[in-house]
Each structure stands twice: as structure tokens, then as C-alpha cells.
Amino acid sequence: MTDQEESPETKSLSLLSFQTALCIVPPRHLWKDIDRLRSLYDQAYGRWPPHINLIYPFVPTDRLPDVSRLVQEKLNSLSQSSEYQNITVQSGPAGYFRNRGGNTIHLTLNDRAADQLRHLRASILDALGHHGKEERDYCPHLTIGQTKADVDLRDFLLDKTNMLPAAQWDLDHLVILHREKGFGGSSVSKMVIWDAIDLSGNNMSTSDELTRLYSGMSLHGLDAEVDASTEQMTTYEYSPGNRSWCPITEPPLESANVRSNNFTISTYNVLAEFTSSPPRDRYEALVRNILSSNAVADVLVLQEVCDNFLLFLLSHQDIQRRYPFVTHGPPGQGGSPPLPSLRNIVVFSQWRFTWAWLPFDERHKGAAVVKIDGIGDLKSSLPLVVVAVHLTSGLNDVAVDSKLSQINSIIHLLDNDYHSNPSVIAGDFNFVTSQEVIDEALKLKMISPTGLEKILGLNCLLSEAHFMDGWVVAGEEPEDAGIHTRVGEGEQGATFDPILNPLAAQYSVNGRPQRYDRIFVRQTGKTSVTDFNFFGLRHALKGENLQISEFASDHWGIRAGVQIGDSLTESKASESVSQETPLQLASLPDTLSSLDKMVSSLEDSSMLPGEEDIVIRKTVVATLAQILTEPIHDASGKDIKTPLVLIPVGSYGLGTWGPRSDVDCLCIGAISSTTFFALAIQRLRKASALGIRIVRKVKAATGVMLELQSGHIKLDLQYCPAAKIAERWQEVSRIPSHDPIFDLSLHSLSKLQPYRDQEYVKRMVPDMYVFRLAHRCITQWAKSSGVYSSKFGLLGGIHITMMLSRLHQLIHERFGRVTVPELVAMFFHHYAHFDWKNNMVVSPGVHTRYRRSLREPMVILTAHVPTVNVARAVTAPSLRTIVSAFKRAEELIGEDGAKWSNILNDISISQNNQTGAEKFLAAYNSYIKVNVQYWGPSPTQTSSLIGWLESRFFRLLNDLNRQVQGIHGRIWPARFTSIDAPDSENDGETEYQGCYLVGLERMSDAVNTAANKEETLQTLNTAITRFTASLHEEDKYFDSTVCWIDATLVKQVELGELKLDLRNWGGQEGADQMVSDFSEDDNEADDPDDEHEARNALLEEGHPGRSKPHSKHASLSSKPVSTNKLRPAGDVISRLRWDPKIDFGDYLVGYEDRFLGVKEMPLSRWKSEQTDEEFIPQHRIVYFKRKSDGRRVWDRETRKDEIFGSGASGCD
């Protein structure tokens, strides 16, 4: 720098240079909302950062070093003054001042900050030699933009500026800017940071703090900001709890996975009004069109949205439900900025999304690039990308070039960033399609021949990029099309129709229909347009002579249905709604609308797992997977490549588990069940130090299962032999049901079904967070109400899952998003009035040919084959109990002052806050009391006794319903004990005593005469006596030397003082399974002593041609296995019944009884008709035996068949 002849302290410095400025620059995090408006309205945008000028013009560039030192000294002096006060800059209302040819719109500062800045400016001017300069004319402000000298435009931008979120920050430094020419290699000059001085007088030019505050901004001409092609934007979500639209700042609770591959998308130009206070007379009509049945979609794209209309839309309750995610929040409310432009694109969605803004060269033009993670290609897991557009209008060469450039920008972005993603471009393309209008423009030289070629090339450009026009594919015409007397070329399918729409006529230049609005779908894989329709049409309005005020917009809207790949469902949820079960949206008082109250009730009832519970279970499951899936080696040390995966299923897999829930696990592999369990047992025993021990090996109706335990956590381990599934298990949930991969045995499909149904629920339920909380609430209520226990023929977790997921989907399809309180209330109402006699609970989109039998009062079907009624254990009496509980929950919701803590715990405010169990003990005049007592030494025998006894109540309730007319029996699904019994089991306790109660109630339609009462009493006592005798006959479980069971009819007053028995008899909690379905497998012959045998079995199964390695141990099984197919039991029955050479009466059928194990009956008594009351499915047949010599002539297990010679008999 040249030496100064005169000191700046003795002579005032020149303040006439427009190359420098002393100013205040807001922190970088405050720029975004301000710059969204500045980028469109401020001529200085891109050359100046957002700023408040303190002194401008300032000093010449060559004087900056000296001036910077003077300013530092002055600020240091001020900071040490006793009168020094911190300065907080806070924006005030918008203001403006007139300039040459227009207005400058700016943000003012509050009075205190403005006065402080005037004083600061005067002090700095004084240091620069400008003593006592008048400061009354200085008005600190932050410029937003400029407008022409038009009052409406001025007020329009003032309104937008007033909607900006208030900016506030503590001023701790000043910034010196200087103009750098040729910035970034261009001819544009730009104001960059030359220096920064904190208010204590310290230089900040090399400070990390400065870099942090202005990251990306040029410092001394370096590190210039590089403009990205897109700008990441904020998505807003409606929060029912806060009743407001909130910006999404956190990642989703659920991992972002593609859940659906079919969707609908609508686009609608709503016609913006350009006055500062636009009229609202069309708003109601617009909302009606948007929410009409032929307009609602997964994604809604709107064009020409103004601030006032967006505020109106976002305040509409049905919009909040239907479209809970949106690109822009309510302008000016809750910190949401205004919409930036005159005509704005706004995207609504039922699915959570992220989005970015793609700016075009033309100001106010760009595209919203929306990525919806929940919709996409199931095979590749790539999410859907929707590009929402409103292209440049006009029919001239410049406008056509703009449109061409904008389309190229979109295609370039999709090709580079989303090359393989399914993508859609939707909106107002402003393509002129009427040939008559194009010819007229060419004739008047409004457009050149070259421009005409470009118009014709717009569609070709999209076609070459593999985009198909939804309307062209579907060939759909508006329903109003027939009204036209003359439709010219290019006017078919018009969405802007001046002939039929007077609003369009008002804004049309040429009066001809145009197909401006389009939905283009990119052809990737098997993507197809499945549906297309128009909405908001003239025919939807009533009357002939319609006024212009009755039309909502100058455009019609369009909607397209799109399928990506193979469909996983056969119909929409709405198509599955039975006309017998109308849906009704719950209306809840404010006291029941709070989610926090429901969560508190769940926490109080220990229904919500804590962080420690979550970590422990994750660790246990990971440890189990590590033990079971560890590679096994052959004799040479090489890995045997046998795919094996461990998948959590049940409540844990679905995420509805509680702290006391078991963990159900399913292993899928390529080896046989026998080999797997042999290997699993051996490995678990070797890895016992890891904390997982085997409780027992049991045989269920669906196969072998291992009960495991790790600490207080119980695990059930099952296995499914399915090699191809194990290899592709991560994509199984996305593979259509008709795929050959599911050509499995019935056994394997049954094992795989829980996982497939679980993934179906996860994929189809609209909001898993809402679903899981609602599931836990209903489970808590069911337990408190005494209707939760599948082994007693009541509700279980799978029942609630299928019922709730079905209802959630149907509600979402019809009403949109619902809150947890609303969903729970609607669950009670819907199923309290459900026609259980004639209707079945079937998952939406699932078609079934299931034929219910007369013995199935409640039918709740699985989603995948084999189709199973999970409520098959529900009897007519237990269904009455369940429905009664639903209706009672409805009544509790309707009570004055109702609280969720009361409802979910089945406590009525009007009934002295009695619990469900307490009410049950006082609700009936008579009870069947089943006393049980155990005094033996075996804990295992104790738990087996209780499990077996509880499974037999199903029989008692059935007998009461069939034999005792007019009496309803309701069992409480828990054990009672005397009031003075201990609340928990003592160590070493071996003597237990308790009882089960069945409340008896005379139904309203029962004959009420003395003779009838006497007959009923006798029949009742007979049924009780038979039940007791049947229990004593089962000596496998009943041992009179260590236990006793009796059943008696008692009056309510004879019950004595009882309470729920919270003890686990024998110290083991029984799983919520019927003991009749499980029996201990004491045969350990199949359990290997070490891994040699398991390895040998794997080698045999995986490599049948390889010779078996030598081993000192015996093989797992020496029985020959034939490849001949065993003839089914039905063929054997037919042969024995109709072959004249065979004595039909000499044969017995051995079958698996659901409660008693293997039983026999004469073949002559076997019922083959499903409608017969004694019908038993043929898959339960175990063997056929001759009575005369006791020889088994057909045996399923050994695959023996002496009737036809099939199976193993074919090897002889």
C-alpha cells in the first residue's frame, strides 16, 4: 500500500466508493428463506449477499487496511465503555421506498436495534473523520427486491416479505465487502468479504468462526460458492398432536424401503389470482374437485398456487388427512416462509418424501423433484421420482426454446441422478396442441418454421427419453367431450377448454381447446399406465346455464394410475370393502384426542419396551443367528455352502412386542428339518456360554419347534426347508405370489406364511408407527377386558394384527391419514357392529375361495396360502364375549370425562373404577368353578398340567353352547386364587391351589319357566360332570397322586374373596399356545453328540453323489428314503371303501386330535363332508390299521403303503 501523506485521524476519509461497503451480513443459516425471494425479485442477488448496509458507499479499496485498523480501534473503545450494550438484530415488518421507476421492498429492523445501529454508525463515522454527521436519514434495512411502479405488484411483494420468518441474531461482528471483477472467471462483478471485525475490535479474517458463519461464500476472492443443479428443500408433515404443519428435520423411524409398486398421481392447475388479496370465492370448489373420488391420489401436483390458497388448503381437515406430506408449509405461520413466486408448484402426498428444487434459466421457473421412498420398483428397491412442472407459456420462438431447454434440463437430471429409478413428469406443460392455433401463429409469423419443428419435436424428445404420455396410452376422453360441436386436430383430450369453461375463455387468446396438462411415465422394466381420467369437469356441476363463478379453475385436472413391475395385490383396498360394514370416521372429544395420554397409559401398563429391552433383544437375536448360521466345514476344511437365514417373526418381527413378549424366530434353509434341528441342538449346547439354553424340544401340529431361553427372554425357534427362499429371502416379500419360487410343499408354505403375512402388513399398512401404537393399545385393552388369550378361544396377537391392518388400510383409502386415538376408537366401533355371521376379515386386495364351515363363527384369514382361519378356535360363546367387549369399549369412549387410561384398562368412571376382573367376579349370579391343586415335586409337570387344563376349556364352552340351551358361558382367561395367597411364587414352592371361573348368564331369548329352569340346571350339571370325568381320564397329564381337579356349579356369594393369581406355577410361563398342539419330544435318538453327524447329513443332502465320509458315529438315520410319491389318504379311503375284495369294517383310522394327540376311530365312522359336524381334515390322518391283526397298512411318517404299493413300499 502507498504511504499516506496525511493521517486518516486528521482528515476525513472519502466515502464515495461504490467498490466497498461496511455492512452487517446475517449468519448463513438465515439466508435460505430470504434468498428464495431475493433470487426472484432482487436485481443484486448473486452479486451481494443478504446484508444491512452500515456505510455504503465506503472508502476506496486502497484505503481498506487503514480503515480496518481505525474501525477495530473504535469498536474496541466502544466495547470497553460502561455504556456499551449488546446489539440484537431483529427483523421488523416489511417496508418500501420509491426509487427511479419503481419500489424497493425491504425488511425493517425493530426500533431498539435500529437506534443501536444508528449510534454505532455515527461512532464509526466519527472515527473516519466525519464528525457529527446527521443520522436521522439513515434507515437500516435488508433489501428483498424491487418492483415496478405498480401498487398491486408492490403490495404483493410486501405481503410475501411480511410472511418471512422473523430473523434474529446477536450482532458480534461487522463485515467489509469489496467488489471483485471477473468473479469466478466471468464478467460479473461480485461483492466478496475483504475483512471481518468483531465488536470487541479483533480482526476475524483468518478466524475459523468466520468460515463457519459464511461457509461457501468467497473470502478474499477464494472458495467461491459453486451453484448446484438442484437445491435441497424442506418437506412439511401434518402433526395431529400439534395440529400444525411441521418441517421434517429427523430421518424416519422406519427404514425407507419401497413398500408399494402401484400408485396414482393427479395434476391440477388451480389458476392463481395476482392481486395482493386474492378473492376466495373459488377455494371451496377447488377443494371439492381435489378431494373428489376421481381426483384423490397418492401424489397430487398443483400449479399456480398462491399463498392464500395454500393457507386455505392446509387448514382443511380432509386435506390434512388425505395428504399429510407437502412441499411447502403454511406461508407466514409457524416459521414457514412464503411461496416464492407468482405461480407456484406445490406437491402433496400420502407418502413421506424428500425433494429438491431444479431452477430453470427463466426467472420464476423451475421444477420440484420429489423422491418418494415408499413407492417404487420392488425388485430393485429404487424409489419413485416425480418431477412436478409448470413450463413457460406462449407460442413464439423464445417460449418454445425455453420449453425445450426446460425439458432437456429435466431429462438430464433424471439421466444423471436417477437413471434407473421409475420416474414421472407431471404438470402443466403449456404445449400448444391445437393445429388450428399453430397454423394461425405460423401464418401471422408469431413463430418461425424452425420454431414449428421444435414444437413438433417436444413430444419426440420425451419419447426418446422413454417417457410415455398417460393420456395417449389410456386413450381416455373427458366426459364433456361429447358436448363439442367441432373438435379440431390436436384438441382431443383438452384440459384447457375455452368452449366449455368460461374461466378458460376469459384467459384464452385464440379460443381453442388445448391439452396443456400431461402425465408422462418413464418406461422402465414393466412400468405401465393402468388408469387415466379427468376431474373438475363441467358435467360435475349441476344445471345448464352455469355462471363463471361456479367454475373452480380454467383447467380440468387429470389423474393416472401407474403399475411398476408385477402387481402384488389384485385390487385396491376400497374394492374389498363389504357393503355390510360401512366405515365411519370417529369423532373424539379433546380429552381423547391426545396421543400423549395413550402413550402414558401404555407405559403405566408396561406395554412399551424401553431402550434396554430393545438392545437386549437385538443382542439375543443376533447371537442366536450367529450360532445357527455359522458355516459348517467338510472333512477337508472347506465350507459347505448351505444357505441358512434367521428371521424374527410374530410380535417381535412386526414391532408390536412388549417387555414380557416372547421372541419368535424362523430359520429358512436348504436342509431337512431333521438335520436342521440336530445341528441346532448340537450348536446351542456347544455355545451355552453365550447365554442361550434349550428349554425343550416339542412337536407342534406344524412340526418340530425348539423352546429357548436367554435370561428372562423366551424364544421359539421353527424351521422351514426352502432352499430358493433362503437364497433370495430379502426379496421374498416383493415377489408375486404366483412366482414359481413358491411352488413348495404345504408344510413349507405353512412355515413361511407368518413371515410373508408379516411383510404384507408392513408393506400395506399406511403408517407403521400409528399401527404399532394402536396394536399395543388394543392388546392392553383386550388383556384388561379378559378377551385376550387364543388358547381360551378369544383374541390373540395375530387376530388383532389382521383385523387392525385391514381396517387401517380401508380407512386410509377412504379418509386418508388417521391418528392413533381415532384408529383405536374406529377399531372398537367397526368390529362391534361387524356382521361376523356373514362376513369374513380378509386383507384388502386379497381374493380367497375359503369356504367357512358351520363351526366357524369368526373367520379371520391369513393373507397368503395356505389360507388359514386364525380364529378357528373361537366358539360361538367366545365370539359373543368378544363382541360384547367391543361394545363396552364403545360405551366407555362415550362416557363424560372418559380417559384412555380408563378405556384401555376397562375401567368405567361410572362404576367405581372397577377393573375388568373385579367386574367379572360380581357380574354373574352363577359360575362354574374349576378348582385345580398341585402338590408334586416337578416344576415341568406343574406347567404342563396348567397348559393342558387351559386347553380343555374350549371343549367345556362348546358343550355348554350345544347342550345347555339359553345359557351363555363366559370364561375369564386367567387363574384366580384366594385373597390371602402370595402374589409371587416362592423359591422351591411345590404346592399350588387356584381356580378358573366360567360366568353363566341366561340369554334374553331363553325360555324362562320353572320347568325349563329345572331342565337347564340338570343339563348343566351333567355337562360339568362329563367335563370333570374327561379330565380325569387323561392320565398323561392328570395324576391323582400329585394333583386334583374338580368342577362345580356355585353361586356368586359362594366364591369367597378371590384375586388374580399372578404366580407362574412351576416357575415357567407357558407360551400362548394350546398344549394340545405341543407335546414334549423325549426321543433324543435324533440328537447328535457332536458336529460330525450333522456334517455328514449336510453332505448327504447337499451332495447326494458324494461318498459319505467315514465316522466313528452312527448316521442320523438308516431308514431308506424312496423318491416314489406316497398316495394320499383320500385315495386309501376310497380304495378301502369301494374295493369289494376288502372288508371295509376291518379298518381303523389313526388321526391327530387337536387336543388329545393321536386317536383312532373305525373307518366306517369317518366323515368326508366338510359340512358334517364331525368332519376331520384328511391331512390329520396318520395311519390306517387292520383291526384283525393290528397291522398298519398305510403310514404317513414311514411312507408305508400296502394298499397301492406307493411311497417306501415301492422300493421293496
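**Entry 1: Glu-237 and Arg-817.** I began with this pair in the predicted model: Glu-237 makes a salt bridge to Arg-817, with the closest N and O atoms 3.0 Å apart. Glu-237 sits in strand E10 (residues 236-239) and Arg-817 in the loop between H21 and helix H22 (820-832), so the bridge ties together parts 580 residues apart in sequence. Glu-237 has 22% relative accessibility and so counts as partly exposed, while Arg-817, at 12%, counts as buried.

**Entry 2: Arg-243 and Asp-590.** Next I looked up the salt bridge between the side chains of Arg-243 and Asp-590, 3.3 Å from N to O. Arg-243 is in the loop between E10 and strand E11 (244-247), and Asp-590 is in the loop between strand E23 (557-563) and helix H14 (595-604), 347 residues apart. Arg-243 counts as exposed at 54% relative accessibility, and Asp-590 counts as exposed at 59%.

**Entry 3: Arg-515 and Asp-469.** Here I found a salt bridge of 3.0 Å, N to O. Both Arg-515 and Asp-469 are buried.

**Entry 4: the wider tally.** I noted 36 salt bridges in the structure. I also found a network of salt bridges that links Asp-35, Arg-38 and Asp-42.

**Entry 5: H20 and H21.** Last, I turned to two helices. The axes of H20 (residues 768-785) and H21 (residues 797-815) come within 10 Å and cross at roughly 135°, which makes H20 oblique to H21. Their crossing is right-handed. Residues in the contact include Phe-771 and Ile-778 of H20 and Leu-804 and His-808 of H21. I sorted the contact residues into 6 nonpolar, 6 polar and no charged.

Key. Residues are numbered from 1 along each chain as its sequence is written. This is a predicted model: local features need pLDDT of at least 70, side-chain atom pairs count only at pLDDT 80 or more; totals for chains, interfaces and linings use all residues. Side-chain values use heavy atoms; hydrogens and water are left out. Axes are lines fitted to C-alpha atoms, for helices over the stretch in contact, and angles run from 0 to 180 degrees between N-to-C directions. Helices (H or I, at least four residues) and strands (E, at least two) are DSSP runs, numbered from the N terminus. Angles under 35 degrees count as roughly parallel, over 145 as roughly antiparallel, 65 to 115 as roughly perpendicular and the rest as oblique. A crossing is left-handed if the near helix is turned anticlockwise from the far one by less than a right angle, and right-handed if clockwise. Contact means heavy atoms within 4.5 Å. Ala, Val, Leu, Ile, Met, Phe, Trp, Tyr, Cys and Pro count as nonpolar, Asp, Glu, Lys and Arg as charged, and the others, Gly among them, as polar. A salt bridge is a side-chain nitrogen of Lys or Arg within 4 Å of a carboxyl oxygen of Asp or Glu. Buried means under 20% relative accessible area, exposed over 50%, partly exposed in between (1.4 Å probe, protein chains only).
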